[in-house]
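Here are my notes on one region of the model. Please read them with the structure open.

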Amino acid sequence: MSRLKILLAEDDRGLGMIVKAFLDAQGYPTTLCSNGEEAWNSLRDVQYDLCITDVMMPVMDGFTLLKQIKAVQPMMPVIVLTAKKEQDDILEGFSLGADDYITKPFSMDELLARIKVWERWLTYSPSDTPACEFRLGGFTFNVPHLTLTNAKGEVRKLTSKEMELLYMLCEHTGETLERRHVLQTIWEEENRTNARSMDVYITKLRKYFKDDPDVDIVNVHGVGFKLVVK
């Protein structure tokens with residue numbers, strides 16, 4: 001099934017080909033460009049849904065590409081992909097309109113999780129656009145950035161499975177999520193191995209909230225789980 005059409009700007013051809021092959025296999029048609037200028041020219045000829053761009057590229061760098069994209073298509077999500085980790089570079093990217101930021105090295109699992117978040121945004125109608133941030137007691141859960149921040153400002157980076165599971169719980173706060181539905185949605189197959197994996201992730205999420213009495217993930221015997229926020 002065809003999903004988002006993705007524009008990928010990456011001058012490391014080896015990495016670019018790996019990312020392209022992975023995304024194509026996941027059902028996301030991906031065009032690989034070796035620099036910002038090539039990506040910009042492609043963008044003028046083809047309608048893309050999302051852009052992933054490296055920063056350090058010849059001819060035209062990723063920040064310049066980002067700035068030009070946002071000038072003409074401000075609603076297109078742009079994920080900045082770079083080896084740079086300095087705070088100033090991250091802030092510059094967001095100041096230019098970057099929607100997300102991933103530093104190298106990264107896992108394909110993380111990249112896919114972030115793409116799925118933006119896919120949800122793009123496929124929802126304006127009247128039911130989902131929240132990208134949830135307040136859970138003293139915690140703030142930022143979905144696109146896969147982060148859980150406590151009242152002290154300490155940030156925990158979530159894995160893609162943790163993010164997807166917590167996101168489902170948040171969307172149904174106070175309601176019972178059936179085990180079968182969670183397995184079919186996140187793990188895509190209901191079997192004993194995946195069920196054990198899901199229980200492990202539920203336990204991990206409970207531990208993250210253990211010091212906050214206002215947040216709990218309770219078992220509903222024989223049915224599933226429920227996120228309770230006081």
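1. α7 and α8 pack against each other at an angle of about 95°, their axes 11 Å apart. This is a predicted model. Angles of 65 to 115 degrees count as roughly perpendicular, so the two helices α7 and α8 are roughly perpendicular to each other.

2. Which residues make the contact between α7 and α8? From α7 come Arg-179, Val-182, Leu-183 and Trp-187. They meet Asn-194, Ala-195, Ser-197, Met-198, Asp-199 and Tyr-201 of α8. By class, the contact residues of α7 and α8 split into six nonpolar, two polar and two charged.

3. Now the sheet. It is open and has three strands, in the order β10-β12-β11, with antiparallel pairing. β10 (176-178) and β11 (215-220) are the edge strands. Each has a single partner strand, so one side of each lacks a neighbour in the sheet. From one strand to the next, the twist averages 25°.

4. Look next at the pairing of β11 with β12. β12 covers residues 224-229. The two strands, β11 and β12, are joined in the antiparallel sense over six bridges.

How values were computed
Residues numbered from 1 in each chain as written. Predicted model: local features only at pLDDT ≥ 70, side-chain atom pairs only at ≥ 80, totals over all residues. Heavy atoms only, no water. Pairing = 2+ DSSP bridges. Helix = DSSP H or I, 4+ residues; strand = E, 2+ residues; numbered from the N terminus. Axes fitted to C-alpha atoms, helices over the stretch in contact; angles between N-to-C directions. Parallel < 35°, antiparallel > 145°, perpendicular 65-115°, else oblique. Contact = heavy atoms within 4.5 Å. Nonpolar A, V, L, I, M, F, W, Y, C, P; charged D, E, K, R; others polar.
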